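Hello,

Here is the structure we talked about. Please open it and keep it in view while you read.

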Amino acid sequence: MTIAPSLEAPERHRLGSPGLRRVNLALFAAGLTTFMSLYCTQALLPQLSEGFGVSPARSSLLVSLATGAVALAVIPVSSLSERYGRTRVMIVSSVASALVGLLIPLCTSFTALAAVRTVQGLALAGVPAVAMAYLADEVHGEHLGSAMGRYVAGTGIGGVLGRIVPGLVTDVAGWRWALAATGFLALAFTVAFWLLLPPSRFFRPARVDYRPLLTHLRDPGLRRLYLVALTAMAGFVTVYNFLTYRLLDAPFHLPYAVVSMIAVMNVAGSAASARAGILADRSGRRKVLVGSIALAAAGLCLTLPAVLPLVGFGLLVFTVGFFGTHAVASGWVGRRASTARAQASGLYLFAYYLGSSIGGTAGGVAYERGHWTGTGLYVLVLLGVALLAAAGMKSARWVGHRSF
């Protein structure tokens, strides 16, 4: 009797495999297009304040409304991905957001611009909501930290392009052409993401069920990671929203094109996020998470004196610390949640973008009332809360496909 050979089950992507290289490239492109679109107005806030006659705090709504819309949408979208598939949701989301982004330069009032930014945030939600769950499904646990770090690296460089491109173009052609250039570039990265993304091999459709959200919220470790996401991101967006105003004003009076180049700091942050993911896999996640938050706080302190070299170096250190924090915390969520990973990641991102939306606008109030010193103290309080939350985590080790 002849027994037909059984088909070998597919194996999750490992370091060095062609599959993981393609996953890394696709998610890197996804990070680029998502954060380019999400933060394309951030570098232009002073110009938009002047052009529409609004205060810095109100101008910051053009960032906060988009990130707030992402926060509202990530949980429903992550739940839909459990039913309809990771890749489908990410592709539809990225294409829709890129097309909506092309409408931004056509807006003739602050209200219209704010409305389009809100719609763009809703459309954007699918990529960040599902990317972490996709990686947790498809990448072997031993290499998930480094894969997550590379995805976060893509978001960091996307943030760089989303600030530098409009910052440079606006000096030549005005803010409308600046945002148009950013929109077309985001569309190009969206196409690359679509072409590169490998299909899901380990995804299994499930009924849309919101009960796992309560399970995740009952987990004290996940609650701590969500608090880290909320506070760290609130501080990060505050610094990048309002440092631009400080550098344009006395005593620095830097040219606008030069100020927009502060986004280059995100390149170092991107490299740090990839390195932090690898270190977390090797040395323990709590150690790297606590160290990253402490590093961000130290860098922020260096920006307080009105000494330009110190401000620049401090911003670099702060950015490296933040990206290390986000890479480790987001990867830890995917490992800690044994079921409904997309919803666990969705809760993380809800906290992350809620921090960006509410915390960033509150930072505008701190800047208007206390200038940079008040802003710095506000962000230090946020980082202190994040540090306490991270210090209470129990470090985990990875065995097979379970997190302990």
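How many salt bridges does the structure hold? It holds one. A salt bridge here is a side-chain nitrogen of Lys or Arg within 4 Å of a carboxyl oxygen of Asp or Glu.

Before the details, a word on the source. This is a predicted model, where local features need pLDDT of at least 70, side-chain atom pairs count only at pLDDT 80 or more, and totals for chains, interfaces and linings use all residues. Residues are numbered from 1 along each chain as its sequence is written, and side-chain values use heavy atoms, with hydrogens and water left out.

**The salt bridge**

The partners are R336 and D219. Their closest N and O atoms are 3.0 Å apart. The pair links distant parts of the chain, 117 residues apart. R336 sits in helix 15 (residues 308-336). D219 lies in the loop between helix 10 (211-218) and helix 11 (220-248). R336 is partly exposed, at 30% relative accessible area. D219 counts as buried, at 17%. The cut-offs: buried is under 20% relative accessible area, exposed is over 50%, and partly exposed is in between (1.4 Å probe, protein chains only).

**A residue in helix 10**

Look at L213 next, in helix 10. L213 is buried, with 12% relative accessibility. Neighbours within four places in sequence aside, L213 is in contact (heavy atoms within 4.5 Å) with I75, Q343 and L347. Now find S79. It is 134 residues from L213 along the chain, yet their C-alpha atoms are separated by 9.6 Å.

**The whole chain**

The chain has 16 helices and two strands. These are DSSP runs, numbered from the N terminus: helices are H or I with at least four residues, strands are E with at least two. The radius of gyration is 20 Å, close to the 22 Å that the globule rule gives for 404 residues, so the chain is as compact as a globular protein of that length. That radius is taken over C-alpha atoms, and the rule is 2.2 Å times the number of residues to the power 0.38. The C-alpha trace spans about 85 × 45 × 35 Å along its principal axes.

Of the 404 residues, 58% count as buried. Take the contacts between residues at least 6 apart in sequence: 84% join residues at least 24 apart.

Best wishes
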